[in-house]
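Please look over the chain shown here and read the report alongside it. The notes move from the whole chain to single residues.

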Amino acid sequence: MHSRERTGEVNMFYNETRRDASFSTPVIGSSTGSCTDVNYGCEEFSLHYSGKYNSYDSVKEDEYITKEEKNAMSFVGMIFNRNGIVGFSDSRNSFVLGSTTKEEIIGCPVKKVFAGKKFIFVTHGFNEYRDGIPLEKLLTNVLENFSGNYSEYFSSVYKRIKPVLEEDSKRKYQFLIGYKQEIGFGGEPFSSYKLVECSIGMEGPVFSPVRLSSGVVYAGNISYAPRDIYVSPNLSISDMEKLSTELVSSVIRLGNLFEPGYYSVGGEIQVRSFV
């Protein structure tokens, strides 16, 4: 797997280039691809489309954390077209004390962008596995030497995390996944990149396809994210990486200006590509 990595919670927003009326349920097991690490940073993200998914982060002092899903604190997302997928996020490790007070766990940035051999994903919402163990440790451990598809991967994650969910049935882990689908067209192979939302709760992984052929999808704290971005089907991976960095940077700058007390999106910028 060739890779490059670059370093910038969620409601959901789709900046769609165009809707693909022929989009159907993803074909599990047909995805192949390679990942490029551009630079590693840390923080959190959120998703935006016509509706909202509010998420929240967890921290060790569970008794002080709000258990209501109303505190979107990360900013994550993906840009994709026919050339590949770029995942991006901030890296601030935020949590909530009481009902409103947001704080940062200083010196503990969170990895929110991950890539396997056949898929890439970003995570938001709860960032703790259990007993102070970061979720990223579990995700990285399961991902190590894993060669299956995204459905198999998140089924494995669910098996590991199920005991935690049995203790806290309201907990939800949120993901946005990108993968490469190989399609036969007129006797010639054809590659198409797709996105899928995933939520893991007591019922197990639930997948929902993102019905776009190309564009930008945000998740988490998207209050200052730009809307109506056109992504050319021919835009290069390199340009999408630059655009991803600028998107997260602009959200952090605007958030700091309008919310000078404490803005939950921040830290180094994480950008990772998948082709």
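**Overall make-up**

The model is predicted. The protein chain has 3 helices and 17 strands. It contains 275 residues, and 56% of them count as buried. The chain exposes about 11,700 Å². Carbon and sulfur atoms supply 50% of that area.

**Helix α1 and the residue just after it**

Helix α1 spans residues 135–143. Which residues of α1 are buried? They are Leu 135, Leu 138, Leu 139, Val 142 and Leu 143. Seen down the axis of α1, these buried residues fall within an arc of 130°, so they line one face of the helix.

Just after α1 comes Asn 145, with a positive phi of about 65°. Most residues other than glycine have a negative phi. Asn 145 is not a glycine, yet its phi is positive. The residue sits in the loop between α1 and α2, the latter covering 150–167. Is Asn 145 buried or exposed? Its relative accessibility is 70%, so Asn 145 counts as exposed.

Asp 228 is not a glycine either, and its phi is positive at about 55°. Its place is the loop between β16 (214–220) and α3. Asp 228 has a relative accessible area of 72% and is therefore exposed, the cut-off being over 50%.

Helix α3 runs over residues 237–258 and holds Ile 252. Ile 252 is buried because its relative accessible area, 14%, is under 20%. What does Ile 252 touch, leaving aside residues up to four places away in sequence? Its contacts are Tyr 263, Val 265, Gly 266, Gly 267 and Ile 269. Take Tyr 263 as one of these partners. In sequence, Ile 252 and Tyr 263 are 11 residues apart. In space, their C-alpha atoms are 8.0 Å apart.

Leu 254 also belongs to helix α3. Its relative accessibility is 33%, so Leu 254 counts as partly exposed.

**A buried asparagine with a polar partner**

Asn 127 lies in the loop between β10 (119–125) and β11 (128–130). With a relative accessibility of 12%, Asn 127 counts as buried. Where does its side chain make a polar contact? The partner is the side chain of Asn 93, at 3.0 Å.

**Salt bridges**

Side chains of opposite charge can pair when their charged atoms come close. How many salt bridges does a search of the whole structure find? The search finds 5.

| Arg 171 | Asp 168 | 3.6 Å |

Start with Arg 171 and Asp 168. Both residues of this pair are buried.

Lys 172 lies in the loop between α2 and β13 (173–185), and Glu 203 in the loop between β14 (188–201) and β15 (204–210), so the pair ties together parts that are 31 residues apart in sequence. Lys 172 is partly exposed, with a relative accessible area of 24%. Glu 203 is partly exposed too, with a value of 49%.

Key: Residues numbered from 1 in each chain as written. Predicted model: local features only at pLDDT ≥ 70, side-chain atom pairs only at ≥ 80, totals over all residues. Heavy atoms only, no water. Helix = DSSP H or I, 4+ residues; strand = E, 2+ residues; numbered from the N terminus. Buried < 20%, exposed > 50% of the residue type's maximum accessible area, 1.4 Å probe, protein only. Contact = heavy atoms within 4.5 Å. Areas by Shrake-Rupley, 256 points an atom, 1.4 Å probe, with all protein chains shown as cover. Arc of directions from axis to C-beta. Polar contact = N/O pair within 3.5 Å; in protein donor to acceptor, adjacent residues only side chain to side chain. Salt bridge = Lys/Arg side-chain N within 4 Å of Asp/Glu carboxyl O.
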